[in-house]
Amino acid sequence: MIVVAGESLIDLVPQGPGEPLPALLPRPGGGPYNTAVALGRLGARAAFCSRMSTDGFGDALLAGLGEAGVDTSLVRRGPEPTTLAVASLGADGSAGYHFYAQGTADRLFELPPLLPRAARAVAFGTCSLVLEPGASAYEELLRREAGRGLFTLLDPNVRPGLIPDADAYRKRFRGWLPYVSLLKLSQDDARWLGGVPEGPPAVVLTRGAEGLTVFPRAGGEISVPAAEVTVADTIGAGDTVNAALLQGLASLGALSSAALADLPPDAWRKVLRFAAHAAAVTCSRTGAEPPYAWELHE
């Protein structure tokens with residue numbers, strides 16, 4: 001089982017490009033939520049660990065997990081509202097966000113008991129590692145599960161508008177790295193954080209239309225090009241990469257720090273190409289709509 005820990009929310013995606021006040025279409029979202037759905041659609045045994053609202057949006061988000069085959073037994077619910085993220089789309093389909101997260105349900109996440117015995121990996125990232133008091137509980141979960149030997153993926157997916165003290169966050173981020181098996185960064189993340197950090201057994205950098213690059217701890221770098229696609233928007237593309245990396249590594253029996261360190265270049269290229277292909281499908285449609293396994297086989 002691969003567990004994804006973090007927030008779910010509703011993306012309000014603008015319809016009708018160029019309109020000064022476009023209609024906003026509500027779509028399921030949140031980096032960890034998208035990652036969990038993508039894992040389920042790719043055929044992984046996945047579980048979601050979070051706190052979700054009992055409002056209508058929360059019901060829809062929970063249903064989306066169920067439709068993707070994601071285990072929701074680690075989800076706790078509360079009466080607070082669901083977080084909203086209003087997206088703005090650039091001419092190239094890239095997305096920016098403004099968040100409405102004050103007093104929302106996912107911020108009140110509490111450290112759960114030990115994860116299921118079947119768990120082999122845990123993925124973290126995005127708003128859940130910023131917004132307190134839940135952020136401290138997610139951080140404790142990261143440290144606890146890494147200490148138990150579980151494979152950990154971290155995607156900071158930095159949202160500067162949510163971070164009140166950039167220097168404090170960067171320091172906190174560096175404190176997470178000893179507990180991370182695989183770090184995934186976008187180019188924007190790397191610039192904001194001050195470069196591609198060292199420490200984890202492997203760091204994957206997404207470079208948009210230029211493809212993906214992995215930096216193994218042993219040195220060097222391995223790159224693959226992006227898959228060609230007509231971009232509708234990039235919402236959920238990085239989250240799909242997270243899921244595809246985890247699923248690809250699991251298929252190679254490489255969900256451990258030791259196995260990751262010994263992974264040969266050809267195996268890395270296979271995993272990166274799989275992730276690039278999956279992300280391209282997500283980019284070809286509006287909102288975070290990751291592919292199903294059968295779509296990638298086609």
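Which residue just after H1 takes a positive phi? Gly43 does, at about 100 degrees. Before going further, some ground rules: this is a predicted model, where local features need pLDDT of at least 70, side-chain atom pairs count only at pLDDT 80 or more, and totals for chains, interfaces and linings use all residues. Residues are numbered from 1 along each chain as its sequence is written, and side-chain values use heavy atoms, with hydrogens and water left out.

Helices (H or I, at least four residues) and strands (E, at least two) are DSSP runs numbered from the N terminus. H1 is mostly covered, with 11 of its 11 residues buried; that word means under 20% relative accessible area, while exposed means over 50% and partly exposed is in between, using a 1.4 Å probe and protein chains only. Among the buried residues of H1 are Pro32, Tyr33, Asn34 and Arg41.

The structure holds five aromatic pairs. Rings of Phe, Tyr and Trp (its six-membered ring) pair if their centres lie within 6.5 Å; planes under 30 degrees apart count as stacked, over 60 as edge-to-face and the rest as tilted. One of the pairs is Tyr33 with Phe48, edge-to-face because the planes stand at 85 degrees, with the centres 6.0 Å apart. This pair links distant parts of the chain, since Tyr33 is in helix H1 (residues 31–41) and Phe48 is in strand E4 (residues 46–53), 15 residues apart. Tyr33 is buried at a relative accessible area of 3%, and Phe48 is buried too, at 0%.

How many of the five residues of strand E9 are buried? Five of the five, so E9 (residues 151–155) is largely enclosed by the rest of the structure. Phe151, Leu153 and Asp155 point one way from the strand, and Thr152 and Leu154 point the other way.

Two strands pair if DSSP finds at least two bridges between them. E8 (residues 121–125) runs parallel to E9, joined by five bridges, and Phe124 stands opposite Leu154. From E8 the chain crosses through helix H3 (residues 134–147) to E9, in a right-handed β-α-β crossover. Right-handed here means that, with the strands pointing away from the viewer, the path from the first strand over the helix to the second runs clockwise.

Strand E10 (residues 182–186) is also parallel to E9, through two bridges, and Leu183 is the bridge partner of Leu154 there. E9, helix H4 (residues 166–176) and E10 make a right-handed β-α-β unit as well.

**The loops between these elements**

The loop between E8 and H3 holds Pro133, and a cis peptide bond joins Glu132 to Pro133, with omega about 5 degrees. Ile163 sits in the loop between E9 and H4 and counts as buried at 11% relative accessibility. Ile163 is 129 residues from Asn34 in sequence and 21 Å from it in space, C-alpha to C-alpha.

| Residue | Phi | Loop | Relative accessible area |
|---|---|---|---|
| Thr126 | about 65 degrees | between E8 and H3 | 5% |
| Asn157 | about 40 degrees | between E9 and H4 | 14% |

**An aromatic cluster**

Ring pairs link Tyr169, Phe173, Trp176 and Trp192 into a cluster. Within it, Tyr169 and Trp176 are edge-to-face, 5.7 Å centre to centre with 80 degrees between the planes. Tyr169 is buried at 6% and Trp176 at 0%. The charged end of Arg170 sits over the ring of Trp192, 4.1 Å from its centre; for that label, NZ of Lys or CZ of Arg must be within 6 Å of the ring centre and within 35 degrees of the ring normal.

**Helix H8 and the cysteines**

Helix H8 (residues 265–283) has 19 residues and reaches 26 Å from its first C-alpha to its last, close to the expected 27 Å. That expected span is 1.5 Å times one less than the number of residues. Its buried residues include Trp268, Leu272 and Cys283.

With a disulfide taken as a pair of cysteine sulfur atoms within 2.5 Å, the count comes to zero. For Cys49, the nearest cysteine sulfur is that of Cys127, 16 Å away. Cys283 is in no disulfide either, with the sulfur of Cys127 the nearest at 19 Å. Cys49 is buried at 0%, and Cys283 is buried at 11%.
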